[in-house]
Every structure is written in C-alpha cells, then in structure tokens.
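Keep the structure open as you read.

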Amino acid sequence: MAGQQFQYDDSGNTFFYFLTSFVGLIVIPATYYLWPRDQNAEQLRLKSLRRVHGRCLWYRLRLMKSQQSVVPTLKKAALLLGWALFIFLAYKVSTLDREYQEYNPWEVLNLDQSASVAEIKKQFRVLSLKFHPDKGGDEAMFMRITKAYKALTDEDARQIWENYGNPDGPGATRFGIALPGWIVDQKNSMLVLLVYGLAFMVILPVVVGTWWYRSIRYSGDQILINTTQLFMHFMYKTPNMNMKRLGMVLTAAFEFDPRSNKEAIIRPTDNVEVPQLIRELGSIINVKKKEPPFCYPYSLKARVLLLAQLARMDVSEDLEEDQRFVVRKCPALLQEMINVGCQLTMMANSRGGFHAPRLVSIENCMKLSQMSVQGLQEAKSPLLQLPHFEEEHLRYCISKKYKVRTLQDLVSLKDSDRRNMLRFLGEEKYDEVMGVLSSLPHITMETKLQVLDDEDSSNITAGSIVTVTVTLTRKKMCVSVYQSERKLQPLKMAATSPHQADAGKNKVKGWQNKSKVTKKAAKAKKKKLTKKKPLPQQQAKGDKPKQANGNVAGNDVAVKEEDEEASDKGSESDEGEGNKDTPSEREEESDKQSDAEMDQMGGDDEQEWKALQQSIQRRERALLETKSKVTHPVYSLYFPEEKQEWWWLYITDRRDQTLVSMPYHVCTLRDTEEVELKFPAPSKTGNYQYSVVLRSDSYMGLDQIKPLKLEVHEAKAMLDNHPQWDIPDTEEEEEPDDSDGIEESEEEEEDND
C-alpha cells in the first residue's frame, strides 16, 4: 500500500519558491502604500496655492521641508532593493529543474503515440542491443527501456500505468518541506534553537508589547487617555468655564508633558526665556495659581507659548519650535474637550445629579480653536486675519464714513470706497488682500424640520424625535456674491404692485405684539364704517344736525341703510344660489370635490413616500462611501501646519443656554453637504425658539446663527383596542359559510335570469 514520506528540501528548490512568495507578499503592498507620491504633483499644488497662501507660515515650512527632506529618496531606494531581490528570486525559480516529471513510456522509447505494436517491439530490440549491460550499455537506461516496453505491450502493466501514472502501481505520497536540510542537521541544532528562541520568545513579544502599551494610552483620535480624563474632571468641576480658565485647562494636557510625550521638550534655557515672556505678557497670565497641574513647569511653559501666539509676540528660535508644537496640538485637543463636554451633557440629561457644562464653555472651546489657528486674541478685529493689516490700520476701517468692522462689511463695500479706504496699501498689496478675501468661505445654510418615520412628518408632537436637515453650500467670499445679493432687493421692490406696497405698510413688525396689531386693525375697520357719507339733500343744505356725542345724526342712518341693503342682497344671492342647483347637481359637485381631495391626498402620499426613499438612500450612501476630509486649505498667517476648513453645526436654546443637539463636526464640506441633526422634542406643548449655529474651527467672524421655530403639539393617544387586533376565534369556521353564501347568491341570480 502507498505510504507517506516527509522530507526536507536538500537541493533547495522548494525553498526558493517559498522565499520568492514571502518577498513578494512584502514588496508589493509596501510599494503601493510607501512609494512616495509624485513630487511634481505636490509642487504644482503648492505653486497653485502660492498666490493666496504664499505668506502663510505653514506654506513656507512646507517648501523648506520638501527641499531638505531625504526620506522619499530612502524609501525609493529600499523599495527598489526589495524589487531587485524579488526579480532575482523569480529568475532563480524559473531556471530550476523540475524534480517530478510525469512518466511517459513513449518518450523513453522515442516513439510517437500512434506507433503500432510491431514498431514498439522493433524499437525495443534496437535500444536493448544498444543499452544491454552484457554489451557494455547503461544498466539504468536498460531498466527504463524494459519498463516502458512492458507498459506498452503487457495489458496488465498498461492498465496500471493508465490508472496510477506508473507501471509499478501507486507509490508513496511525498510531502516536501520548503526549508533546507541543514536546518534539521544535528550539527546546527543549537544555533537553530537559539535563532528560534530569540525571534519568537524575545523580539516578537517585545515588539507586540511595545505596540500594545503605546496604543492603549491613546484614544481613537490619538489623544492621551489621561488627557481626556483631565478634561472631564475640570469640565465637571467648572461647568461655566471662561476663556482664561479654558486656556489653563488646555495647556495642562499631558501631550505637553515630556514624561508622557517624547515630542515635548524641556530645555535648560527655559528657566531664563520663559520668565522673560511672562514679564512681557503681564497680567494676562496667572503665575500665582498653585492648583496642580497648572503650576507644573510643562503646563506653565505651554500656557506662556500659547498666549504669546495669540498676542503675536516674537520668541527665540528654540521657543519658536516648542511654540509650533503647542499650537499644532491645540485644535485636536479642543475637539476632544468639546466631545467631553457633550458626553457630560448627555449624562446630565439622562441621569441627572450634577450640572452639565454650560453652552458658553463649549462655545469658548470653539472660539479658542479659531484664535489658536489665526493667532489672534478674542477681542481683536477679524480684519487682522488678512495680510498687511495691522492695529494702526483699523482706524481707517472703523471710521464713521465706512464703519467696516467685519470681513463681510469689507466685501460688501463698493470697489471705489474700498480702494479709497485701503489707500494705505499699495496696488500690489491691495490685490493680494482681495485675492485672500475672495478665497475665504461664504456658507449658505438651509434648514428643513420634520419627524421621520411618522405618518405626518410635519406635525411635531411632544417627545417625538425631531430631525433637522441642514444643507450647507460653500461658495467663495468674492465681491460678486454680495453684489448679487444686493441687486436682489431692488428687483423684488420693482416686482411688487401698488396694492402690495400698501399691504407692506401694514405689515406686522417683529417687535409688535399680535394682539395690539389686531386691535389696531379692528379700530381701522370701525373708522371706515363710521366714515361720514353725506346724503344729497344734506349736501344741498350744507349743515348737518349733530348729536350730543359729536357724530353726525345722518351718518348712523346711512350706515344702517347700507347694512340692510347689503344683508338683503346677500340673502337674495343665497336664495338664487340655492334655487340654482338641484340636489343631483349638488351631489355631483360633492363627488367631484371628494375625488379632488382624494387625488390630492394620493399625490401627497406619493411625495412623502419618495422623500422617505430618498432619505433612506442618502443614509445608505453615507454609510457605504468614505468622503475625504481634504476640503479647502485655511488661510492662516501664524499656524505651522496646513489645516483644512472644518465646521461645527449644532442646535441651541439661547434662552436656557443649553445644547439641544450635540455639535456635529463637518469635515467633508467641499461644495455642498447635507447634515441631519436629531433631538427629542420638548415634553410640553407650545412654541419654542431654537437656533441653528454654524461655527468655523479656523476662521474668526464667519459664524452663522439661524432661528428655528418649533411648534409642539400634543401626542396622539394610543388606542388600547384597535379593530385590526379584534380577530374572532371562529374566523376559520365562518370562512366556508361565507363561500356558501356567495354560491347561493350566484344561484339566485341565475334563477332570476
């Protein structure tokens, strides 16, 4: 019977197959992920951004890094070396001789498969005379010739060859191990054990353990777990956190501690340079604070460097490198602080027992993110984000003639007024300012309020889940946008008719009370009714007798007569209409009205069904597709890293200073983005005034607030006994009776026929 044989590769052929596969599995994916991207494409991208972002710090640092970096060259050299090894091994494998070849007796006898038995015998005689051992031939070759002759002439041997591929029958199954034989040689046993022990018992556990203990220290957003716990402690302790306190908590993060992060550095020169910066900052920084960790050296240094960044102060070269590290970490840390505030808010709303962070605390985190990116203090003008603008230039903008305080005011000015106001800039600087200004984002926000998965999506009931769909559209803040918005107003005014203009005069103002307006309207109607309409006789006489109350006596009589005539005409018209339609005509009109109502209801149902299907498809696409977070580069003169435009979108109750929906971080807004914000409706019925807030994480002065009115109705009462659940017990027994009744009715109809 056939057996099994395990043997190592003494010749080394199968080992080369294994080694080629192993190298290929490493080189091919590494080339895809690690091969440096086209440097020319990056240079072209930077060149296209030069006109707008040429003065930005991150742009200048990127140019210096691309010129000095040798990492791409080293990556290319390593990958090319790996490919050279892979190609060499593949060539080596292609030149190896095959150890196993299928047994073919026709090849042994040098015959075609169409040869006859006589030809086989003749060829065997010729070869046997040549290779017979008694005549000095090769014995092994003679045995092969004899074996091939039997396989082709003996019926039993031929059948065995056809079944098993060999005239000798089934042989032992051989399993080759793709390792050279010297590995299991007794002479090399100690060396092999030493290498195996070092690789699998020392190196592998050390690598895996190091990776594991480093990874468990960070959250999913690459923030230290200790930092998240620190933020949670202080936001729980101080729900109402002002900007000064927020800066202290931010710079106390463990990312700035050299014991927790190797990127943070404490230099010997800090003992001289940091106190000097503290004296220059003055009362902005609180040095006497003894509360840990605010009094620790790393926290104090980070706080000083952050405040120096906001004040746009010059620092030494060593501190400048540390300052860039601190500022680079601020946006991610502030985003983590916002997440912590949202978690505490949800815990307070669900469990209670402690005060949730106030809305001002979370919004201060967003403002501090803008300040750190732009390098500006909170009270500074947003105009200082533009190039060539200094503090002394602001007096030209805020003068009584122009009153420009924001970026939107500057864009909305006429070109002549803007040039006249910015005459302190030269022509080249003015063009650069306008280029930067036109690249800034201009966001339009549209909101839609509905209750999804409900019969009446527009009816908001107490406790229902409300969905606010916000559509954000980004455009460039160019002059044409604001000029087009200006032109819309005169066009709308020209389109209104004189009657519409008169109606606009009586339009209710926002600050007027509805009850007061209705009272005024009622008084106006009374005045119209009581207006004096003199009769012809009275006009001829010229004098009218007056009553004691000062009204004309004939005026009341005329008003009464007009009312009577109007009532008579109304009654006559009603009678005419009543006599005009017969009962059959009335029924036809009612049927037409009911059909029209049914068609309208059917159309509304189809629209709601289409809207529901579209919303489901949007959700499925959002789950499946992964959008890039590369949107538009932020213009920042003092931020050391290229940053993308991201936004926060949330709903607030300004009266109670609370969050209604958690802030959604919009990271994929390139042109248009649709965001769904969900929150539970209030438990009490009534009208509520909320606000949809859009805040930038990079720019100051571009935030938007849009009012959101919410009318909450009482929820429908649940039916305890719905008719659809009233299933009789004898339903199955009644079914045959119904069929019998139908058959009987059919028989009666046939009899009647």
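Threonine 20 lies in helix H1 of this predicted model. With a relative accessibility of 11%, threonine 20 counts as buried. Leaving aside residues up to four places away in sequence, threonine 20 touches Phe86, Leu89, Ala90 and Val93. Leucine 19 counts as partly exposed, at 27% relative accessibility. From C-alpha to C-alpha, leucine 19 and valine 93 are 9.9 Å apart in space, although 74 residues apart in sequence.

Now for the chain as a whole. The protein chain has 26 helices and ten strands. Of its 753 residues, 33% count as buried. Among contacts between residues at least 6 apart in sequence, 68% join residues at least 24 apart.

Two helices are worth a visit. Helix H11 (residues 243–251) is mostly covered, with eight of its nine residues buried. Among these are Met243, Arg245, Leu246 and Thr251. The cover over the buried residues of H11 includes helix H10 (225–237), helix H13 (297–310), helix H14 (317–350) and helix H15 (359–374).

How far apart are the end C-alpha atoms of helix H12 (residues 270–281)? They are 16 Å apart, which agrees with the 16 Å that its twelve residues should span at 1.5 Å a residue. The buried residues of H12 are Asp270, Glu273, Val274, Leu277, Ile278 and Leu281. They cover an arc of only 140° around the axis, which puts them on the same side of H12. Those buried residues pack against H13 and H14, whereas the face turned away from the buried side carries the exposed residues Asn271, Val272 and Arg279. After H12 comes glycine 282, whose phi is positive, near 80°.

What about disulfides? The structure holds zero of them. The closest cysteine sulfur to that of cysteine 342 is in cysteine 365, and at 9.5 Å it is too far for a bond. Cysteine 342 counts as buried at 7% relative accessibility, and cysteine 56 counts as buried at 0%.

Charged pairs come next. Side chains of opposite charge can pair when their charged atoms come close. The count comes to 21 salt bridges, including these:

| Salt bridge | Closest N and O atoms |
|---|---|
| Aspartate 415 and arginine 418 | 3.3 Å |
| Arginine 474 and glutamate 645 | 2.8 Å |
| Lysine 643 and aspartate 697 | 2.7 Å |

Aspartate 415 and arginine 418 both lie in helix H18 (residues 415–421), three residues apart, about one turn of the helix. Aspartate 415 is partly exposed, with a relative accessible area of 40%, while arginine 418 is buried, at 1%.

Arginine 474 forms its salt bridge with glutamate 645. Arginine 474 is in strand E5 (residues 465–476) and glutamate 645 is in the loop between helix H25 (583–624) and strand E6 (647–653), so the pair ties together parts that are 171 residues apart in sequence. Both arginine 474 and glutamate 645 are buried.

Lysine 643 pairs with aspartate 697 in a salt bridge. Lysine 643 lies in the loop between H25 and E6, and aspartate 697 in the loop between strand E9 (686–696) and strand E10 (704–713), so parts 54 residues apart in sequence are tied together. Lysine 643 and aspartate 697 are both buried.

Finally, a network of salt bridges links Arg267, Asp270, Lys301, Glu321 and Asp322.

Methods:
Residues are numbered from 1 along each chain as its sequence is written. This is a predicted model: local features need pLDDT of at least 70, side-chain atom pairs count only at pLDDT 80 or more; totals for chains, interfaces and linings use all residues. Side-chain values use heavy atoms; hydrogens and water are left out. Helices (H or I, at least four residues) and strands (E, at least two) are DSSP runs, numbered from the N terminus. Buried means under 20% relative accessible area, exposed over 50%, partly exposed in between (1.4 Å probe, protein chains only). Contact means heavy atoms within 4.5 Å. A disulfide is a pair of cysteine sulfur atoms within 2.5 Å. The expected span of a helix is 1.5 Å times one less than its number of residues. The arc is that of the directions from the helix axis to the C-beta atoms. A salt bridge is a side-chain nitrogen of Lys or Arg within 4 Å of a carboxyl oxygen of Asp or Glu.
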